[in-house]
Amino acid sequence: MNTSDGPPPATPADGAVDAAAAVAMEQAIQRLAAQFFSGVPAGAPSLGPGTVPPNPGPSALALGAGGASPSVTLPPVPGPLKQPPLMNAPAPKEADLRAIPTQLSEQLGSPSPIALASGPTPSESTPYFLELAGLPQSGSVAPGLGLSPAAGAPEPSSHPQAQPPSIPNGSTEALSPGGPPSTAPAISTYDFRPELVPDLGTAARPFDPNAVKRDFPILQERVHGRPLIWLDNAATTQKPQAVIDRLSYYYEHENSNVHRAAHVLAARSTDAYESARDKVKRFVNASSPKEIIFVRGTTEGINLVAQSWGRRNIGPGDEIVITWLEHHANIVPWQQLCGEKGARLRVAPVDSRGQVILEGYERLLGPKTRLVSFAHVSNALGTILPAREMTEIAHRYGAVVLVDGAQAVSHMPVDVQALDCDFYTFSGHKVFAPTGIGVVFGKSKLLETMPPWQGGGNMIADVTFEKTMRQVLELEW
């Protein structure tokens with residue numbers, strides 16, 4: 001406790017916490033939060049609806065002015081949710097989080113820091129995260145926050161991580177800016193009741209594996225007298241009831257060729273088809289639905305790029321670079337193209353942990369490199385490749401980049417504009433969609449220069465025996 005000459009600080013009447021201290025604390029918390037979260041990389045998803053920010057652990061916020069300020073304790077729940085991996089975004093370090101109380105104390109002029117109770121590691125989240133901006137700025141706690149007065153004296157929580165922060169030495173001293181703490185009666189405590197919190201669409205639900213299993217009818221199947229357990233999602237995913245129902249609805253109410261007729265069923269099926277294209281555009285953050293090409297799967301997507309873009313742009317002496325982590329579908333098409341065109345296929349090395357050696361990768365690139373193709377996530381080892389960095393390196397050498405996202409789209413957010421890749425391809429059946437559908441994303445400037453790989457169908461605008469007009473460019477045979 002700091003001792004100095006001069007009159008002792010005034011004690012707030014009737015246990016009221018100094019209003020200036022509450023306002024100063026709130027402003028300091030907002031500044032520190034802004035400084036801390038400003039370090040999140042630009043590639044990380046925004047903390048918008050449906051996203052749970054990293055929770056630094058249980059905290060107590062003193063709210064209100066001009067009266068007793070209730071302490072709001074936000075304990076984590078048992079089994080907190082794991083935060084989804086962010087693209088190129090490292091989790092905040094515990095040391096950084098635990099430095100916040102000390103910095104707050106320094107900004108308020110308090111002689112001793114507020115202790116931060118032990119809580120979940122920064123990589124964990126709970127569904128009970130409340131943003132400071134969402135809490136009342138003054139007055140008593142709003143009943144809509146799910147807070148109710150505790151009955152009797154507060155008792156320690158049975159949960160090992162649910163202890164609230166405490167002021168050093170176990171005192172109940174109120175913070176006063178610029179001077180020593182002043183003694184005040186104990187602050188009232190409030191219970192946090194999650195069932196009273198309104199659904200604002202900002203918190204994730206705890207993971208319920210049984211509820212998820214009920215979404216997949218095939219998991220009720222019994223094999224050798226036991227319930228089916230499916231672990232082969234890298235090969236294909238089972239289909240949830242919603243997908244099965246949508247397929248049945250199509251065959252019952254919409255079945256028709258798309259873009260090929262003027263009757264009602266054709267209009268329904270065409271609308272559904274183009275709606276799916278727009279959903280995929282949003283799913284991977286393409287700039288336009290016209291950049292989304294439907295194929296039968298990742299393998300056909302890679303072959304499409306090899307046969308359409310590759311045949312036009314790869315020539316004798318040119319080089320294509322892949323990695324040692326590739327699936328057959330990202331090896332064989334390039335071998336065939338190199339054999340046909342007299343080009344060279346080069347393979348980037350990996351280390352003993354299955355990580356691409358970036359120095360070795362870049363040494364393979366040069367003025368002859370025309371294309372780089374690699375998996376976003378390895379189907380065999382699960383290695384997550386630094387796709388953004390590898391794309392930047394390839395672009396420095398003037399190469400076009402294709403990313404095989406078959407194993408990535410079901411496990412991480414994918415933003416093709418942030419990756420800046422030229423092509424991105426994946427299969428529907430690995431992300432709960434029906435078998436026999438896949439996607440190629442391609443930048444518009446490249447798609448516009450690519451000749452059709454297969455002729456016929458809806459790619460035709462007009463046909464005569466002398467000349468065929470296709471939808472985008474005129475092609476004479």
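The following dialogue goes through some features of one predicted protein model.

Trainee: What kind of model is this, and how are residues numbered?

Mentor: This is a predicted model, in which local features need pLDDT of at least 70 and side-chain atom pairs count only at pLDDT 80 or more, while totals for chains, interfaces and linings use all residues. Residues are numbered from 1 along each chain as its sequence is written, and side-chain values use heavy atoms, with hydrogens and water left out.

Trainee: How many helices and strands does the protein chain have?

Mentor: Helices (H or I, at least four residues) and strands (E, at least two) are DSSP runs, numbered from the N terminus. In the protein chain there are eleven helices and 20 strands.

Trainee: What share of the residues is buried?

Mentor: Buried means under 20% relative accessible area, exposed means over 50%, and partly exposed lies in between (1.4 Å probe, protein chains only). Of the 477 residues in the protein chain, 38% are buried.

Trainee: What does a contact tell me about distance along the sequence?

Mentor: A contact means heavy atoms within 4.5 Å. Among contacts in the protein chain with a separation of 6 or more, 67% are between residues 24 or more positions apart.

Trainee: Which residues does Ser427 touch?

Mentor: Leaving out residues up to four places away in sequence, Ser427 touches Gly297, Thr298, Ile437 and Gly438. Ser427 lies in strand S16 (residues 423-427) and is buried, with a relative accessible area of 4%. Its C-alpha atom is 8.3 Å from that of Thr299, although Ser427 and Thr299 are 128 residues apart along the chain.

Trainee: Where is Gly382?

Mentor: Gly382 is in the loop between strand S14 (369-375) and H9. It is partly exposed, at 41% relative accessible area. Gly382 and Gln407 are 25 residues apart in sequence, and their C-alpha atoms are 8.3 Å apart in space.

Trainee: How many salt bridges are there?

Mentor: A salt bridge is a side-chain nitrogen of Lys or Arg within 4 Å of a carboxyl oxygen of Asp or Glu. By this rule there are eleven salt bridges. One of the pairs is Glu300 with Arg296, whose closest N and O atoms are 2.7 Å apart. Glu300 counts as buried at 14% relative accessibility, whereas Arg296 counts as exposed at 58%.

Trainee: Where do Arg388 and Glu392 lie?

Mentor: Both lie in helix H9 (residues 387-396), four residues apart, about one turn of the helix. Arg388 is partly exposed at 28% relative accessibility, and Glu392 is partly exposed at 37%.

Trainee: Which residues are linked in a network of salt bridges?

Mentor: Glu319, Arg344 and Arg346 are linked in such a network.

Trainee: Which parts does the salt bridge of Arg311 and Glu340 tie together?

Mentor: The side chains of Arg311 and Glu340 meet in a salt bridge at 3.5 Å, N to O. Arg311 lies in helix H6 (residues 298-313) and Glu340 in helix H7 (residues 332-341), so the pair ties together parts that are 29 residues apart in sequence. Arg311 is partly exposed at 42% relative accessibility, and Glu340 is partly exposed at 45%.

Trainee: How do I read the angle between H6 and H7?

Mentor: Axes are lines fitted to C-alpha atoms, for helices over the stretch in contact, and angles run from 0 to 180 degrees between N-to-C directions. Angles under 35 degrees count as roughly parallel, over 145 as roughly antiparallel, 65 to 115 as roughly perpendicular and the rest as oblique. The axes of H6 and H7 come within 9 Å and cross at roughly 20°, and the two helices are therefore roughly parallel to each other. The contact includes Ile302, Asn303 and Arg311 of H6 and Pro333, Trp334 and Glu340 of H7.

Trainee: Which phi value does His224 have?

Mentor: Phi of His224 is near 55°, a positive value in a residue other than glycine. His224 is in the loop between strand S9 (222-223) and strand S10 (226-227), and is exposed, with a relative accessible area of 79%.
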